[in-house]
Amino acid sequence: MVKVSSLNKSFGDLHVLKDVDLQVAEKEVVVLIGSSGSGKSTLLRCLNFLEMKESGSIEIDGVQIEPKSTNLNVFRQNVGMVFQHFNLFPHKTVLENVIEAPVVVKKVPKDQAIAEARVLLEKVGLADKEAVYPNKLSGGQKQRVAIARALAMKPKVMLFDEPTSALDPELVGEVLVTMKDLAAEGMTMIVVTHEMGFAKEAADLVVYMHDGQIVEAGKPMDLFTAPKQERTRSFLQAIL
Amino acid sequence: MVKVSSLNKSFGDLHVLKDVDLQVAEKEVVVLIGSSGSGKSTLLRCLNFLEMKESGSIEIDGVQIEPKSTNLNVFRQNVGMVFQHFNLFPHKTVLENVIEAPVVVKKVPKDQAIAEARVLLEKVGLADKEAVYPNKLSGGQKQRVAIARALAMKPKVMLFDEPTSALDPELVGEVLVTMKDLAAEGMTMIVVTHEMGFAKEAADLVVYMHDGQIVEAGKPMDLFTAPKQERTRSFLQAIL
Amino acid sequence: SDTTKTTSGEEVTLKEKGVFSFAVSGEYAPFSYVDKDGNLDGFDVAVGKALAKKMGLKAKVDKQKFHGIVTAVKTKRYDAAVASHAINDERKKAVNFTAPYYYSGPVLFVQKGSNVKQATDLKGKNIAVSKGSTYGETAKQYTKDISVYDSDVTALKALSEKKHDGTITDSITGKQAMKKGFNIQEAETLGTSEQGIIVSKDNDTLLKALDKALEELKKDGTLKKLSEKYTGIDITKKP
Amino acid sequence: MSDISNFFSRMLESYPLFFEGLLLTLELTVVAILLGIVGGLVVAFFKLSNSRVLRAIAGVYITLIRGTPLIVQIFFFYFGLSELGISAYWCATIGLALHNSAYIAEIFRGSIQSIDHGQTEAGRSLGMSSLQVMRRIVLPQAFLRALPPLGNQFITCLKDSSLAAFISSSELFNIATAQGARTFEEMTYLLIVAVYYLVLVLIFQGIVHLLERKFSAGEERVKTYDRKKNHGKGQLAQ
Amino acid sequence: MSDISNFFSRMLESYPLFFEGLLLTLELTVVAILLGIVGGLVVAFFKLSNSRVLRAIAGVYITLIRGTPLIVQIFFFYFGLSELGISAYWCATIGLALHNSAYIAEIFRGSIQSIDHGQTEAGRSLGMSSLQVMRRIVLPQAFLRALPPLGNQFITCLKDSSLAAFISSSELFNIATAQGARTFEEMTYLLIVAVYYLVLVLIFQGIVHLLERKFSAGEERVKTYDRKKNHGKGQLAQ
Ligand SMILES: Nc1ncnc2c1ncn2[C@@H]1O[C@H](COP(=O)(O)OP(=O)(O)OP(=O)(O)O)[C@@H](O)[C@H]1O
Ligand SMILES: Nc1ncnc2c1ncn2[C@@H]1O[C@H](COP(=O)(O)OP(=O)(O)OP(=O)(O)O)[C@@H](O)[C@H]1O
Ligand SMILES: [Mg+2]
Ligand SMILES: [Mg+2]
């Protein structure tokens, strides 16, 4: 579903991604871990072309995407993204947040968009909040709306960038449950997170990044219990 | 060392602390847990008179303190406080941060204050950073300076309000090590934290607060493995 | 303030001992203007200086927006104003006047080629005048629509730029502007006026000294000479 | 005492005159701000555009206008536009409008930039075009945020309109100085006109405060919100 | 063409005159701002004090000054202070200084309040008195933060000083109008004086930018710092 080959990205002098290779099969759930500044967010953002890669190739659902030659707006519809700080549209209600993109981008008739949005809100457990503005929601609720909003475009891959790290400890669980459900339904997902419980339960593959490179990747149990690389070991020690 | 009896505190209509009783013996380490808004910070801040209690009594080191009748500035010297966001003085170097209060408040001669500060910086592992300004430090280093700064006043009790929750996961460890050392040396400490590892290793008593009340208190092992109250149980489930 | 003896022996009260300080508008050529070196010049300035010399005093001249001059003298910011003030009753209530030092009269100027030939054609039209001048009162007899500016030159300039239907000002000032290429022409002379020097109400000694010095300047021909130098004609005789 | 009673009798007697001036002042201000908003929007978009040329044009325009005193600009438009036969009133209005457009452009630019970039990224990641994001996500939020500073700009413009007096516009200040020059009671009329301005400003300040309250309520509340409120007073407290 | 060459010959010929005016403009501005800083500090402390009376006094003062046009204030001081025999120059200076003191008070108040309350709490928790905290912790940081807005206020004052022309202070603008009235070439001299102001403003703007860069470097950097830089340009980009 996702195939990244020798991807490179710099910000000025800072070489942030160094020859990154990554393959994610359909219905696979990949968890990305790594210390702050290692390039996890940048990798996700390159996959969604919020940052433009410098060299290397990115293939999604069998289509290789070149920023210059492709209509990125059409392409981005296939990739849903959930941000650390939710980024809900504060001037729109929960329902309006969810139907915004289908109606405006895909020109789905409003009635149909609303019906579909209601199904999604039901799924994330917020059917009763559709008329509410985001500032009345808790962090966990916001993040679940953000997930529903991304799903409304029926993406083929979902990217999550630390979706629970801005949440109070008590609210983390409800978001993780939603994500696990999604994984169970067979969504292809790439998740940056430090919730090791989630990684253990839901991930097919855990990838450890350090300094812009993928140092080690493996099944969660293997990587957590018997990391091969010294750096992976010391990172895991610090956070577990 | 610290004795709080039926303490009450409101912000306007919001009754934040409801008849709180708490006793901390000398050299004891107490960990306060509880969900967001339960009043943990407010309790600490009342102990340091950054917030003024409404009723109830607070006794520290055998002296009962009444905000109106006591010189709070003298009293506060006995109680060191470490904040979530460090609150280092950005216009002063690390060393100047540490000697500020001894020199200005206690009128300790500057040479002596510097000598003592160097010992403390050594202890928190930052002897080489004394001439550096805070903005050049990592979060973990900042927090260790903040601890040294509080210790410089030779307090009898140290209060910590989520000292690691603003830190990147990798940096949490170094601060916890410093705190464990301090506990081992026999400092009386009250710590608000969600680092359960720290609570298990270092706490003599864990106190669970909910909605302005102390719901349950006990030795870490007892409380974590066999909470008596339903509410404690569900809280622990959510965060462990 | 301080008293000083003049050449003729009278005691006069002045702001500063030995100095006769007076105000001009500085924006009323050829009576007062700033030359290209930044110095004040013009008939008013020259008359003020000649008076000071006659009294044996040093002269100090200052520029002041016309509409503030009477108040400035009233509140003793200056000893006097030699600023082409037409003598009228309203001003006399606030300050004292010397005898007239020149005679003139309001003239209506209009845009070149205008079909306004005389003041009575101005009904419902717009007249521009300078703030604090007596021309405003004159204009009120012909129209309700009056625009006021800080100086006569600005009013004339605005007329020349076709922003108004007429401007009432002194004939010499208007003619000077015509010479400088303003697109205006003379329409009608609206009477005569006498211009006097202004002194504050409670300074009788200075008023007397000034009147005396003025009389002498008239007698010895100095005033006439200055008039011809700055305006090209003699305006110091009662017409 | 007689000064005070004189002040009030002058105030009463001159009321119809000042009322006309007040209407003109308000008219000048409202029209100048409305034109300034239109111009300001255009300049702001130039400033935020991808074209270097447009950005440079906007930059030079803003620099010129913010780099010279308003009174110079007003005189400039007055004598510069006269070939076109534009009246003093319109010269004052246009001068004030152009002046304000530079400041309003910066208000709009600031409010557009103050919208969290995450909003744009969220929109783009959903497949919206940059125009769609600007129109549907950024601008609606930016407009609300621009309202209070626009209100303040209105108040500034209200006071600045006093400079139109110098090109003979019969607004409040010109009436006051003309009356002062006629009666030689400048102080009295300056006090009277100060009262008129003050009352106008206070009224509009009240409206701006309402706007601010209304629109800050809609913003997302941060966790430390309550504590921030304590900031101001009592910083010097024990 | 002849207009342009006329402009330059006028500009060259009038240079010594304008240079004097420029010195006076700068002097007016510098003295007014220095006096305004002293006054502003006092008013700011009043505004932040625990005494209701002092807060009310400061509030009324700020409201009165910010609620009326500067030109009204300048005229007011001119006609009001003339009994005291104060010169036009000093009337203009005092008028500008008082006007600026109200705005500078708000700058100081804002910068003091912008210092994170955590700084005060840290100081208090170490046993420092509120005065010690204010003097040693809050004020040093607040002063640095006030420098850039003070610089901007200086620039505003520089332009505002043009209004002193109307009470006959021979600063830049007065020289321009006087020369315009003499030669009947208002436009030329307005352009010339605009160039003088623009150059002055650009110079001081450069200084303010340096200040801003210098003092924002000392601020604690937040994690998202780098990304924020991208905000401005390209908001309309693809
Ligand atoms: N827009 C940008 N401009 C300049 N540098 C950037 C930009 N975005 C990221 N960086 C830098 O690239 C590096 C990698 O950043 P990235 O955000 O991808 O790390 P991360 O692994 O997501 O870290 P974190 O856990 O803190 O989110 C960092 O050094 C960061 O400062
Ligand atoms: N200065 C204040 N003014 C008004 N309300 C306040 C103030 N400080 C705290 N509160 C309120 O008191 C309640 C308890 O706050 P407190 O900060 O003590 O909780 P906490 O347990 O420390 O939570 P957290 O884990 O989020 O830090 C909350 O509802 C909070 O909004
Ligand atoms: Mg990241
Ligand atoms: Mg807290």
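**Annotated spans of chain D**

Across residues 87-105 of chain D, 95% of the chain is helix and 0% is strand, with 26 Å between the end C-alpha atoms. The model is a predicted one.

**Which chains touch**

- There are 8 pairs of chains in contact, and among these chains D and E share the most contacts.
- Chain A and chain C are joined by no contact, and their closest C-alpha atoms are 50 Å apart.
- Chain B and chain C likewise do not touch, with 51 Å between their nearest C-alpha atoms.

**The interface of chain E and chain D**

- Contact between these two chains involves 51 residues of chain E and 52 residues of chain D.
- About 4700 Å² is buried between chain E and chain D, and carbon and sulfur atoms give 71% of this area.
- Polar contact links 4 residue pairs between chain E and chain D, counting pairs with both residues at pLDDT 80 or more.
- On the side of chain E that touches chain D, the elements giving two or more residues are α2 (15-48), α3 (52-66), α4 (70-81), α5 (88-114), α6 (117-125), α7 (130-160) and α9 (186-217) of chain E.
- Of these elements, α9(E) gives the most to that side, namely 10 residues.
- Sorted by class, the side of chain E that touches chain D holds 28 nonpolar, 16 polar and 7 charged residues.

**The interface of chain D and chain C**

- Here 18 residues of chain D and 23 residues of chain C take part in the contact.
- The area that chain D and chain C bury between them is about 1600 Å², with 55% of it on carbon and sulfur atoms.
- Within chain D, the residues that lose the most area to chain C are Y78(D), F79(D) and F184(D), which together account for 36% of what that side buries.
- Between chain D and chain C the count is 0 salt bridges.
- The rule does find 7 residue pairs in polar contact across the interface of chain D and chain C, with both residues at pLDDT 80 or more.
- The elements that supply two or more residues to the side of chain D that touches chain C are α4 (70-80) and α8 (172-183) of chain D.
- The largest share of that side comes from α8(D), with 5 residues.
- By class, the side of chain D that touches chain C has 10 nonpolar, 5 polar and 3 charged residues.

- The buried residues of α5(C) include D152(C), K157(C) and S160(C).
- K162(C) follows α5(C) and is placed in the loop between α5 and β13 (166-170) of chain C.
- The phi of K162(C) is positive, about 65 degrees, although this residue is not a glycine.
- K162(C) counts as exposed, at 56% relative accessibility.

**Other backbone features**

- Most residues other than glycine have a negative phi, and most peptide bonds are trans.
- E162(A), a residue other than glycine, has a positive phi near 45 degrees.
- The loop between β7 (157-161) and α6 (169-184) of chain A contains E162(A).
- E162(A) is buried, because its relative accessible area of 16% is under 20%.
- A29(C) and P30(C) are joined by a cis peptide bond, with omega about 5 degrees.
- P30(C) is found in the loop between β4 (27-28) and β5 (32-34) of chain C.

Note on methods: Residues numbered from 1 in each chain as written. Chains lettered and ligands numbered in written order. Predicted model: local features only at pLDDT ≥ 70, side-chain atom pairs only at ≥ 80, totals over all residues. Heavy atoms only, no water. Contact = heavy atoms within 4.5 Å. Buried area = accessible area lost by both parts, 1.4 Å probe. Polar contact = N/O pair within 3.5 Å; in protein donor to acceptor, adjacent residues only side chain to side chain. Helix = DSSP H or I, 4+ residues; strand = E, 2+ residues; numbered from the N terminus. Nonpolar A, V, L, I, M, F, W, Y, C, P; charged D, E, K, R; others polar. Buried < 20%, exposed > 50% of the residue type's maximum accessible area, 1.4 Å probe, protein only. Salt bridge = Lys/Arg side-chain N within 4 Å of Asp/Glu carboxyl O.
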